[in-house]
Amino acid sequence: MVNAQKLHDDWQKNYSDLPFEAYIKQDILRQGISFDSKSFINSDYKTKDYFIFSFDRVPLSEMKQSENLKAPEEIKISKGSHNLRETVISVRINPQSEYKISVNHENKMGVFYHDDFLAEAEFPPIPDYYKLKYDMPKPVGEIAPVIEWGYLIYLTVFRNCQYFGKDEECQYCDINHNWKQQKRAGRPYTGVKPVEYILEALSGIDKNDNTAKAYTITGGSIVTRLKDKNEVDFYLDYAREINKKFSGRWISKIVTEAFEKEDCQKFKDAGVDIYHPNYEIWDEELFKKVCPGKSRFIGRETWIRRILESAEVFGAKNVIPNFVGGVEMAKPYGFKTVDEAVSSTAEGLDFFMSRGISPRFTTWCPEPFTVLGNQEPPPIEYYMKLLREYKNIHAKYKLPIPPGYGPSGAGRAVFSVSAFMDILPEEI
Ligand code: SF4
């Protein structure tokens, strides 16, 4: 039997300046997780809503237990032989993962490393607003799903991206492919979500929920027009309508392309608090290869300039551009060693953090339909070294905890797709 103690030994020897919980979280995100039939006996939990991408390591067609319909959005692990603090982890289905959810001999649900019980596990509760009746003809979990253990309402208002095909799509992104497989499987995906549906769903949340503290407006890039609007106007409409009706009710965030300063100002004026113009990958040559659409239509230099200028509109701490942690090691053209990859990405972190802007990162999931999907992710060593750099550079510039992510610190963080909030200090 492979023993979970070996994980603890590796952590203790190499990464004990970071929480052990972050090690386990990153390794589960990196690999994905499987479920056995016992994990689905109780159905009173929130299942995966597929809020934007698939974030799975296998296509729906290979999910023998219909995991796409039964798996929880996230798991919260705790206790076990290493007495883990509560740690929220997004679910990425992978039947081949070394991690599995099952029940032990005491009938306790938990996460197993091979066959060794590692920690207890629970699934997220179904929010009360999911149980209401709505006039709109779509389930509320499709229109306004919640993630991060109820903290973040995720509004993917445009479920496709106009960067089409392998010469334009970001090479790790399955937004368009996931759309096709989910529609084929009968999920009630909505290509462009009518703003009335969004407002109706938010009314339900407003009246029945106190857990959600933020919402994100996002979707694919728009390079021509959509609903007769350009990209800025398309997304701006949602921000305006939501903030008109629910001004200040939640922290308002957008995840879009990098816009010019005057366009950023329109979002700020519409009530948006936090801006995520995701740069995805720092290295100049890799940016061209990994994000060919963004590179051709906007270009890296312009993208970076716009990020810096947007800080003059939103305030530096409210500009939080994402990068896809690990994709800089993707074969065939990525960095060959962990140290080269981490050093490149740390250079990007230093560039932004020295200017008061704290990026965040998600954990690259090699999704099967993507150009880069047919390979294994980087080793855990990469993620732990990246977290160490993140923590040290963040401390070097004495930056605040990034807003809009809920609490920071091990045992408190709810951001579920990387451990960056778990390794930061608790906010006093
Ligand atoms: S811009 Fe890139 S990451 Fe964003 S939706 Fe389009 S292909 Fe995906």
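## Around the ligand

Let's start with the ligand: its neighbours are Cys161, Tyr163, Glu169, Cys170, Cys173, Ile175, Gly220 and Ser221. A residue makes this list if its C-beta atom, placed from the backbone, lies within 6 Å of the molecule. Sorted by class, this shell holds 5 nonpolar, 2 polar and 1 charged residues. Here Ala, Val, Leu, Ile, Met, Phe, Trp, Tyr, Cys and Pro count as nonpolar, Asp, Glu, Lys and Arg as charged, and the others, Gly among them, as polar.

Some ground rules before we go on. This is a predicted model, where local features need pLDDT of at least 70 and side-chain atom pairs count only at pLDDT 80 or more, while totals for chains, interfaces and linings use all residues. Residues are numbered from 1 along each chain as its sequence is written.

## Two domains

The protein splits into domain 1 (5-122) and domain 2 (128-396), with bounds that come from an automatic or database domain assignment. Their centres, taken over C-alpha atoms, are 24 Å apart. Where they meet, 27 residues of domain 1 are in contact with 28 residues of domain 2; contact means that two C-beta atoms, placed from the backbone, lie within 7 Å.

Which element gives the most to the side of domain 1 that touches domain 2? That would be H2, with 6 residues. By class, the residues on this side of domain 1 are 14 nonpolar, 3 polar and 10 charged.

## A closer look at H2

H2 has 12 residues and spans 17 Å from its first C-alpha to its last, close to the 16 Å expected. That expected span is 1.5 Å times one less than the number of residues.

Because 10 of its 12 residues are buried, H2 is largely enclosed by the rest of the structure. Buried means 20 or more other C-beta atoms within 10 Å of a residue's own, exposed means 12 or fewer, and partly exposed is in between, with C-beta atoms placed from the backbone. Among the buried residues of H2 are Tyr23, Ile24 and Leu29. The buried residues pack against helix H1 (5-14), strand S3 (84-90), strand S4 (99-103), strand S13 (360-363) and H13. Just after H2 comes Gly32, with a positive phi of about 85°.

## A five-strand sheet

Now for an open sheet of 5 strands, in the order S7-S8-S9-S10-S11 with mixed pairing. Its edge strands, S7 (146-147) and S11 (274-277), each pair on one side only. Pairing requires that DSSP finds at least two bridges between the strands.

S8 (residues 152-158) and S9 (residues 214-219) run parallel and are joined by 6 bridges. For example, Leu155 has Ile217 in S9 as its bridge partner.

Most residues other than glycine have a negative phi, and most peptide bonds are trans. Glu148, in the loop between S7 and S8, has a positive phi of about 55° although it is not a glycine. Lys398 also isn't a glycine, and its phi is positive at about 50°; this residue sits in the segment after helix H13 (380-396).

Lys398 is exposed, with 8 other C-beta atoms within 10 Å.

Finally, a cis peptide bond joins Lys331 and Pro332, with omega about 10°. Pro332 lies in the loop between strand S12 (322-325) and helix H12 (338-353).

Methods:
Helix = DSSP H or I, 4+ residues; strand = E, 2+ residues; numbered from the N terminus.
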